Amino acid sequence: MENKTMADFEEELTNSFRVIKEGELVKGMIVDINDENVTLDLGYYTPGVIPLSELSEDPDFSAMKDLKIGDSIEAVVIQKDDGIGNVELSLKEANELSVWEHLKERMEKEEIITVKVKESVKSGVVAYVEGIRAFIPASHLSSSYVENTEEFVGRQMETKIITVDEDARKLVLSAKIVLKEREAEKDRAKMAMIVPGSVFEGTVESLMPYGAFVQMDNGLTGLVHISKICMKRIKKPSEVLSVGQKVKVKVLEIKDGKISLSIRDVETNTSEIVTDVIEEFDYQCEEIPNNPFGALLSGIKLDQ
């Protein structure tokens, strides 16, 4: 038989007069776990019982796996008497008292949170973070367009929290942000390896009034300013370039994460620049008056 001190008897006597109220947060030690509930020793004249339905919102939560006898946990009192003399408790409600503040902290820290997608719903998917149901919109599942969200069910995904609204019980995650950050890290690493003056094969991605965006064969995209497209003045890039066209580009500068390219400077020899550009890309550039390269151009005849 356990030897008890006078202090132990005094504590038991105090607890016997203690009044537990509904909604109160109480602490107890787990003394039993079974298929129906978890029992806590509250240091009270009657034990506390947590039904399995009050453990967690997360369908993956398992009392047998995630809890063990001897653990001290906190729970909220649902009923002072569950009808058979026990105090009915909720671990789920206790978790929610503190979890929303913690989730806000994790969002502010831009912490990466790994989740497992549980189900596909309208316009996105559902996962759980600290027992709270979280929504990932279809537009935030990938860095590219997602048509079928069912394909993501069961996947582990790295996410960041983008919305925490305790009043509306709204938790929104984004995997797209993490993927974009990963891509940006890779791009920075690639940029660090590029030496200005390097020449790359590339493909015209888009045309703007001020120039052309070209994706190089290393996956990076840079801008060819309109003045760097050919040796003659053109009013717009579409006069000599088209989307999808293959080109050679020279890296002029890398600054603030942006790459400046040139098509006309691919070769250092001026005559070669003009000839190569015209032959390879069939450029038709309007001659600039008094251009010193006019004499060079006048003698060029292309084989048909």
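**Notes on the predicted model**

1. Phe213 has a relative accessibility of 25% and therefore counts as partly exposed. Buried stands for under 20% relative accessible area, exposed for over 50%, and partly exposed for what lies in between, with a 1.4 Å probe and protein chains only. The ring of Phe213 pairs with that of Tyr210: the centres are 6.3 Å apart and the planes stand at 90 degrees, so the pair is edge-to-face. Tyr210 is likewise partly exposed, because its relative accessible area is 38%.

2. On the basis of the note: this is a predicted model, in which local features need pLDDT of at least 70 and side-chain atom pairs count only at pLDDT 80 or more, while totals for chains, interfaces and linings use all residues. Residues are numbered from 1 along each chain as its sequence is written, and side-chain values use heavy atoms, with hydrogens and water left out.

3. The protein contains six helices and 16 strands. Helices (H or I, at least four residues) and strands (E, at least two) are DSSP runs numbered from the N terminus. Of the 304 residues, 37% are buried. The exposed surface comes to about 18200 Å², of which carbon and sulfur atoms supply 49%; such areas come from the Shrake-Rupley method with a 1.4 Å probe, and for residues only the protein chains shown count as cover. Among contacts (heavy atoms within 4.5 Å) with a separation of 6 or more, 57% link residues 24 or more positions apart.

4. One barrel is closed by five strands in the order E1-E2-E3-E5-E4, with mixed pairing. Its neighbouring strands are turned by 55 degrees against each other on average, direction ignored. Two strands pair if DSSP finds at least two bridges between them. Strands E3 (residues 48-51) and E5 (residues 87-90) run parallel and are joined by two bridges; Val49 stands opposite Glu88 in E5. Helix H3 (residues 91-108) lies across E1 (25-33), E3, E4 (72-79) and E5, and runs at about 110 degrees to E4. Axes here are lines fitted to C-alpha atoms, for helices over the stretch in contact, and angles run from 0 to 180 degrees between N-to-C directions.

5. A barrel is also formed by five strands in the order E12-E13-E14-E16-E15, again with mixed pairing. E13 (residues 211-216) and E14 (residues 221-225) are antiparallel over five bridges, and Gly211 faces His225 in E14. E14 runs parallel to E16 (residues 258-262), with two bridges between them; Val224 has Leu261 in E16 as its bridge partner.

6. Which residue of E16 stands opposite Val251? The residue is Leu261. E15 (residues 246-255) and E16 pair in the antiparallel sense over five bridges. Their hairpin has two residues between the strands, and Asp256 takes a positive phi near 55 degrees there.

7. Leu223 belongs to strand E14 and counts as partly exposed because its relative accessibility is 25%. Beyond its neighbours within four places in sequence, Leu223 is in contact with residues including Tyr210, Phe213, Ile259 and Leu261. The C-alpha atoms of Leu223 and Val251 are 9.7 Å apart, although 28 residues separate them along the chain.

8. Lys160 deserves a separate point. Is Lys160 buried or exposed? Lys160 counts as buried, because its relative accessibility is 9%. Lys160 lies in strand E10 (residues 156-165), and a polar atom of its side chain is 3.3 Å from the backbone oxygen of Glu110. Setting aside neighbours within four places in sequence, its contacts include Glu110, Ile112, Leu173 and Glu181. Thr159 is also in E10 and is buried, because its relative accessibility is 0%.

9. The whole structure holds two aromatic pairs. Tyr44 and Tyr45 form a tilted pair, 4.5 Å centre to centre with 45 degrees between the planes. Rings of Phe, Tyr and Trp (its six-membered ring) pair if their centres lie within 6.5 Å; planes under 30 degrees apart count as stacked, over 60 as edge-to-face and the rest as tilted. Tyr44 is buried because its relative accessible area is 17%, whereas Tyr45 is exposed at 62%.

Key. Polar contact = N/O pair within 3.5 Å; in protein donor to acceptor, adjacent residues only side chain to side chain.
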